[in-house]
Each structure stands twice: as structure tokens, then as C-alpha cells.
Amino acid sequence: MKRSAKVTVVAAVATLLSGAGVLVALEASAATDRYEAESAPATCDGAIASNHSGFSGSGFCDSNGAVGAAAQFTVNAAAAGNATVDIRYANGNPAGRPADISVNGAVVAGGYAFNNTGAWNGWTTASLSVPLRAGSNTIRLAATTAGGLANIDYLDVTTSGGGTTPTTPPPTGSGRKMESLGRGVVAVRASNTSALVSWRLLGLDPDGIGFNVYRSAAGGAEVKLNSSVLTGGTNFTDSTANFAQANTYRVRPVVGGAEQAPSGAFTLKANNAVEPVVRVPLRAGGAVKFVWVGDLDGDGEYDYVVDRQTSPQTIEAYRSNGQFLWSADMGPNSTNQDNIEGGSSVIDVGHNDGVTVYDLDSDGRAEVALRIANGVRFGNGTTFSNSDNNRQFIAILDGMTGAPRATAAIPADYIADGPLMARFGVGHLDGVNPSLVAYMKNRVGDGGFNLMFTAWRFTGSAVSMQWKFLRGNQDLPDGHNTRIIDINGDGKDEIAEIGFVLNGNGTLRYSLASQGVIHGDRFHIAKMDPNRAGLQGYAVQQDNASGLREYYYDATTGQIIWKHIESGVGDVGRGMAGDVDPRYPGYEVWSFSGLYNGPTNRLAEPNTGLAPWPQLGLWWDGDVTMELLNAGKIEKWNPSSPSASGSVPRLVTTWNFGAVTAAQSGPTLSGDIFGDWREEVVYTNSSFNELVIFTTNVPTSTRLYTLVHNPAYRNAITLKGYMQSHHVDYYLGSGMSTPPRPAISYTPR
């Protein structure tokens, strides 16, 4: 099930809540939820078919030809009352296909006529009003004749919150357009006797907002679990549930003492394993290297786009519950998967991806951006055709169908040297609208590399290039990662490479080459020093002839603050930045030369052999210092009792839960994709038919707005390259202050 629409009905004059400072309206809180026949927990006495066009989702219920053959749906209602049920069906048989429609075992429409619709692809909708109880309900359509049911596509169920409930309209804010997210409620078994429930605090939530947590057990009425409004961390430990049955959780915000409309629901299935894991089913297929998230269907929660490292390659889209949406075949030009000079439509090799996911036209639903070439078959079955296999194009795909909404040719400046490999990301270069940013590169013979940056805007009907930047013969060192971030605090994003930065209009801002910087694998830009203006950078070097191993710099100006030079030439393949030692102000930075406090350039641990391994950072356990993610191990380095990098104490070992690592011993994605501000880590199982998503089972009193409403952080998770940690644009660490409200606005939903 996915929410397809949410309808607000103003029922009274807006009032100003005393002391809250927010305008509220009395609304009937009507909402429409869509339940697809092919998606669990719906069941079909027959087959899920797709042989007649025009259906929604990935198929429809084609029932057995028998009396009693049924399609059954489990639907949810926030409160008891009547609901409107719209049943989408098709019947190509001249005779009707009547059915008994029952709700929770009681027939509400006996022998309901599903009449002939002219053809099996002649879809229409039958509507009726039915009574629902609060929580989970069963709606069953059972055939009354030997012909069975009409083909059933989905149910749309429109419920009312029951009377008028004060709710706060989502604030529009100002500044860059970002996703209007739901609460992202999630629950995991923390022990044999408890579950941790967590949810999002949104970037524009009013000050003082609180929450109530509700649980529906085995489809029964919802019960409030907390005795007083929760105003601390956005998580709650439920120690009273019977975990032998399914438990469904929602939260209701409370503003100025008035309870608001409920969030979406999360169901912890009966006898769910005690594990910090959410499991999302996938179709069977090849190995997965990367996962992207975006709200494809507009319900306010993140859905998933995954690659398949087959030959040819494919990408697939899934709703948040694992419902398959579509697949795109990258075609014959994706079979050459060389990581430097691959095919013209190859994705996700080396540090090149050529894919990203974001709501590029700010309509409330995310698109999928692809670099394509001749022979790519889109999600709607059409194939892209071009006579030159080396010519490449930008394609913007509809997130729900995979159909191309717009394409545009990539500049041909370097086409004589073959196809360009690509890295994609998203930033708000004008401070308001999202732009697709493309890093594209190919090799000149056996020597150096051409490098081109382009920026693109998608308006909903067309995609056009905003600007093009060619490196040419300028000394501008690049690396294996790109970061898109507002480095000077003017609200507009810049584009950063390891050795240079472009302004949002595509002009060069600065280069670090004159300070001895060359190519390197990894770099970070963040608020590393809480006592210094602006953002700071930290980076490592690969085979620098001067012996430069790592450097720390002012990200706004490009001025290097300190550097570490050692004898000989070294390839520093890893580098990390994060607050792992609260004894020193600001972030620690480290590669293989020891763990340094960035602001002071002092060794935080004198014994360099006791520094943690510099793989990835992760916020997991509830304090504001950073945990570490190292080859499938979530670790906590202890500055008061440090251990060698290979034996840092573990909090979670991912392979104990069936997860397998992907590229460079990392996950397919890390990021704050649901629940509170702590981060999730996404892997697959060894059969590649399940996402294994690790989410914290540790309560916290720390209250922060969701990291994906922070502009720097949200940009970061649109980028791949070599997997790196993501950073916010405020200081997140020991001794931090409450971060300012982000300068964002919500897209419509």
C-alpha cells in the first residue's frame, strides 16, 4: 500500500494557537490511500497478471474461474467511520462478474455488479461507502458465479479523521525547494521485550512541537502509549507490546497542546526477529552496487532505485514496501564495464555512476536521471535509438513508470576520444531550484583526461543545459568524489572537487594546485571547527611527488591551513573526518598518519597505531559523536581506552543479519532515510532479492531535525563516486549548539 493523495478540507476559520506562534486550521483530515492488488498484504485467488494494458503498478488480480474466488485487501483507518472505496476493475466478458463485498467478515454489498467494461483493458471504477473501524480492516471481494471476479487493479480508500481535528498546515518556508517528507515512522525489535519506534522531526516543524505514539495490535483499535507529550528525542521504547502479533505504529504531532493528524503507519510483523533491521523485498536479479532514494510516488516517504551489475546492466525502481515499479535496460553499450573507458551507457563502475534520483521539477515526485546512449530500453518498453553509439544523452525518467519525460544531447566537445564516463549529483545552484550536475571524463589515448562539468534544469517537460565548463589545459586536480555544497553561506551551492571549486554559474572559484595539491581519492567538506567562520575541508593525496599525504583547508577561500608531508611517495586510499574524540573541540581527521584534531593539528591519540580505520562515519548510538562503519562493522572508537584499528569495539556486525558488502567493502547506501536523525545503512542479502536496511535500536534524548532536510546532507546522498560519509553544514559533534532552521521550502505533496 502507498498513499497516493492526501486531501485537506478546511472546516472552520483558522485560529492562532496561544503561545505557539503558528497558524492552524480545523480540518476534517481526509486522506486517500491506494492498495494495489499485487502488493502484500493483498491476496489474490488466482494470478497476478500483466497481459492487459492500462493497469496501475506492476499487475492486477486475475482470479480463478470459480465461485468464491477472491481478492482481499488489508486497509488502515486512523479512526472509526465510513470510508469511500473506489475499486478499479476491468471486465471484457459480456456477462457481469458479480461479487460479494465484505468488510471485516460482514457483507456490505451482496452480489455487487462488476459489469462489462468493453474490453479487458477497459478499466473503470466502482465506488461504494463502507464502515471501517480504527486501525486495520479486511476488505474482501468474492465471486458469486463460476466465471470468477473481474480483473481487479486496486482499491482507493478515502477516510476521514472523524470530526474536526486541529492540524498545522505544512509551512512553506523560503529558500531552496526540498522534499515535503512524512514522519518516516519505523520500529525494530530492540530486545525480546521491547521495540524502538522512531520518526522524523522535519526541518520546518514549529518550535515546541511534541508527539504522541499510538499502537494498533493485530488490527485492533489504536492505543496511545506515552503518558505525556514527547518533546525530547523523536523516538520511543515500547515495552508493553505482545510481539507475537503484528503491531502497527503511528505518531501524531502535538502543537500548542492540540493533537494533529496522524502520520503514516509502520507495521512490525508478528514474531519479527530481534534485530536492528528493516527488510525490503526485491525481485531476483544480479548483484547490486548502489541504491538511491527519492519519493517516487509522492507519499512523503523514500522509495528505492537499485542497479543490477549484469551485462547488459539494468536499474530497477521499487516503492518503499518493496513493490516493484519498473526496470530499465541500459542496453548493448553497457556491456563494456571498464572503469576508465567503459561503454557509452555503462553505469556504476569505478568512481563513475551516471545515475541519480531527485525531484528535479519540484512537483512532489522524484525523477531518475540517467546518462544514456543508443539501445537503452526505458521502463515503459520504448528503446532509445541513435546512429552513433558514442553519442550520449541526458535522460529524465518518470519515477513511477520509468518512461522518458525528457532527453537532451550531451555536448560533443570530447567525443573524438570516445564516450565520457559520468558522475551525477544534485544541487541548488541558484539557491532555489534543483539542478542536475554532471561530472564527465574520458581519456586522451593512453595519457591524460578530458574533464567536463555541465549543469541541467528539468522543468517537467524539457531538460536543458544551464552551462558547460571544460578543464582544458588548466591545472585543476580532480579525484574520485564530487561534493555539491554552499561553501560561502549565500544560499547557492558550489561544486567541489578535491583540488578545485566551481561557482554555481559554472565559473572557476579557486584551485588548490598552486599549493601542491594533485589527484586524490577522498575529501570532506563540513563545519569541522565550531570556533572558525565558514566550512573546512580535509583531503588525502595519491602519489604526490612532494610527499604530501593530507591537508586541512578553509573551504570558502581554498587556503590550506595545515598539511602533512612525509618522505617518499604514498597512495593514501582512505581519509575520514568526524568528531570521534570529545576531549578536543571540533572534528578529528585521519588517514594513515595518525588521528589528528582538525582545528588544532594535534594528535588526538599519540600512538598512531591506535587510530580507527578511516572508512566511513555514521551517527548511530544516540550521542552526537560519530560512530564508524568499517567493512560491515558498526564500531565505536573509545578515546579513553583506544584499540588498534582492526579491533575497535563493535556495535553491530552486519553479516550476522545476512547482509553482504558491495563496492569497496561498503554498503549500497548510507543516509538518514527514515526514523529520527540517526543514519541507516543499506545492504542486500547474498541472493540479491532483499534490501537489508540497518536502523538504530538505541534510544536517544538528542533532538535534531532530519538530516535530509539539511541542504548539504541531502545533496551529498545524490552523489556516489567512491563511497564517502555525508556531512551537514552545521557543527554536529560534542558541545554543539542547536542547529538553525534550514533555509528551505517544501515542494507540494
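**Strands and their partners**

Guide: Gladly! Ile-396 stands opposite Ala-406 in strand 33. This is a predicted model, where local features need pLDDT of at least 70, side-chain atom pairs count only at pLDDT 80 or more, and totals for chains, interfaces and linings use all residues. Residues are numbered from 1 along each chain as its sequence is written, and side-chain values use heavy atoms, with hydrogens and water left out.

Strand 32 (residues 393-398) is antiparallel to strand 33 (residues 404-409), with five bridges between them. Strands are DSSP runs of E, at least two residues, numbered from the N terminus, and two of them pair if DSSP finds at least two bridges between them. Five residues lie between these strands in the hairpin, where Gly-402 has a positive phi near 75°.

Now for strand 57 (residues 690-694), where five of five residues are buried, meaning under 20% relative accessible area with a 1.4 Å probe, protein chains only. In a regular strand, side chains alternate between the two faces of the sheet. Here Glu-690, Val-692 and Phe-694 point one way, while Leu-691 and Ile-693 point the other.

Strand 57 has antiparallel partners too. Strand 25 (residues 277-281) is joined to strand 57 by five bridges, and Val-277 has Phe-694 as its bridge partner. Strand 56 (residues 680-685) pairs with strand 57 over four bridges, with Tyr-683 partnered by Val-692. Strands 56 and 57 also make a hairpin with four residues between them, and Phe-688 in that turn has a positive phi of about 60°.

Notes
Buried means under 20% relative accessible area, exposed over 50%, partly exposed in between (1.4 Å probe, protein chains only).
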